[in-house]
Amino acid sequence: MGCCSGRCMLIFFCALQLITAVERQVFDFLGYQWAPILVNFLHVIVVILGLFGTVQYKPRYVVLYIVWTVFWVTWNVFICCLYLDLGGLSKDSNYLSLGLSSYRSWWKDNGPGCENRNLPTTRWQHLENPSLVSELGCVLEYQYIEVMHSALQLFISALGFVFACYVVNIFNEEEDTYLYK
């Protein structure tokens, strides 16, 4: 059997999910965010199973991928709400580090365009004008980078979900045609 367009697109979106999940995993490791590390690890495993199911015509694996994608979308919505301080969640909480380490997004200290983080030892900008330096500005604040990562995951996952449903439908139709011949 050749590669129907739905299968090829699902393979493409699974590969994209693997690339973006590994990239996200690296930054979660750098920030010691243990909950996302565990969830990303499971995501990589299930996406590989989804790829296997698509290539080997195993609809059970693709259905597992579909169910996982629903959880993955929910997780990414949670991450977006957390970083945007929506729904009673706060980006300053320790949900993502599981309370095991001080919560820090890697992007908080290393975001694009961030000024030098060497704060003066007195933390006062000027001795004449005692205004406390609390946070130095970045071109793009870290919470928006994290939200963009999650939004990208949401977009790719939604497309993967659609094509996975289509592929399962194709597998079922092909199975039905073999039964009636």
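Me: How are helix 1 and helix 2 oriented to each other, parallel or antiparallel?
Reply: This is a predicted model. In it, helix 1 (residues 5–30) and helix 2 (residues 34–55) pack at an angle of about 160°. The cut-off is over 145 degrees. Helix 1 and helix 2 are therefore roughly antiparallel.

Me: How far apart are the axes of helix 1 and helix 2?
Reply: Two packed helices are described by an angle and a distance between their axes. The angle here is about 160°. The axes of helix 1 and helix 2 are apart by 9 Å.

Me: Which hand does the crossing of helix 1 and helix 2 have, left or right?
Reply: Residues of helix 1 including Leu10, Cys14 and Leu18 meet residues of helix 2, among them Ile37, Val44 and Leu51. As helix 1 passes helix 2, the crossing is left-handed.

Me: By class, how many residues in the contact of helix 1 with helix 2 are nonpolar?
Reply: Helix 1 brings residues including Ile11, Ala21 and Phe29, and helix 2 brings residues including Pro36, Phe41 and Val47. The contact has 5 polar and 3 charged residues. Its nonpolar residues number 14.

Me: What pattern does the protein follow along the sequence?
Reply: The protein has 5 helices. It has 0 strands. Read along the sequence, the pattern is α-α-α-α-α.

Me: How is helix 1 placed relative to helix 3, oblique or antiparallel?
Reply: The axes of helix 1 and helix 3 (residues 59–83) come within 14 Å. They cross at roughly 40°. That angle makes helix 1, relative to helix 3, oblique.

Me: Which residues of helix 3 make the contact with helix 1?
Reply: The crossing of helix 1 and helix 3 is left-handed. From helix 1 come Leu10, Cys14, Gln17 and Arg24. The contact divides into 7 nonpolar, 2 polar and 1 charged. From helix 3 come Val62, Tyr65, Trp72, Trp75, Asn76 and Ile79.

Me: How are helix 2 and helix 3 oriented, parallel or antiparallel?
Reply: Their axes are 8 Å apart. The packing angle of helix 2 and helix 3 is about 150°. The cut-off is over 145 degrees. Helix 2 and helix 3 are therefore roughly antiparallel.

Me: How many charged residues are in the contact of helix 2 with helix 3?
Reply: Helix 2 passes helix 3 in a left-handed crossing. The contact has 16 nonpolar residues and 5 polar ones. The charged residues number none.

Me: Is Val39 buried or exposed?
Reply: Val39 is found in helix 2. Its relative accessibility is 11%. Buried means under 20%. Val39 therefore counts as buried.

Me: Which residues is Val39 in contact with, leaving aside its neighbours within four places in sequence?
Reply: Val39 and Gln25 are 9.4 Å apart in space, C-alpha to C-alpha. They are 14 residues apart in sequence. Leaving aside neighbours within four places, Val39 is in contact with Trp68, Phe71, Trp72 and Trp75.

Me: How far apart in space are Ser5 and Phe163, C-alpha to C-alpha?
Reply: Ser5 lies in helix 1. Ser5 is exposed, with a relative accessible area of 54%. In sequence, Ser5 and Phe163 are 158 residues apart. In space, C-alpha to C-alpha, they are apart by 9.4 Å.

Me: What is phi of Tyr57 near?
Reply: Tyr57 is found in the loop between helix 2 and helix 3. It is partly exposed, with a relative accessible area of 27%. Its phi is positive, in a residue other than glycine. The value is near 60°.

Me: Where is Asp85 found?
Reply: Phi of Asp85 is near 60°, a positive value in a residue other than glycine. Asp85 counts as partly exposed, at 36% relative accessibility. Asp85 is found in the loop between helix 3 and helix 4.

Me: Of the residues of the protein, how many percent count as buried?
Reply: The protein exposes about 10,500 Å². Carbon and sulfur atoms supply 66% of that area. Of the 181 residues, the part that counts as buried is 38%.

Notes
Residues numbered from 1 in each chain as written. Predicted model: local features only at pLDDT ≥ 70, side-chain atom pairs only at ≥ 80, totals over all residues. Heavy atoms only, no water. Axes fitted to C-alpha atoms, helices over the stretch in contact; angles between N-to-C directions. Helix = DSSP H or I, 4+ residues; strand = E, 2+ residues; numbered from the N terminus. Parallel < 35°, antiparallel > 145°, perpendicular 65-115°, else oblique. Left-handed = near helix turned anticlockwise from the far one by under 90°. Contact = heavy atoms within 4.5 Å. Nonpolar A, V, L, I, M, F, W, Y, C, P; charged D, E, K, R; others polar. Buried < 20%, exposed > 50% of the residue type's maximum accessible area, 1.4 Å probe, protein only. Areas by Shrake-Rupley, 256 points an atom, 1.4 Å probe, with all protein chains shown as cover.
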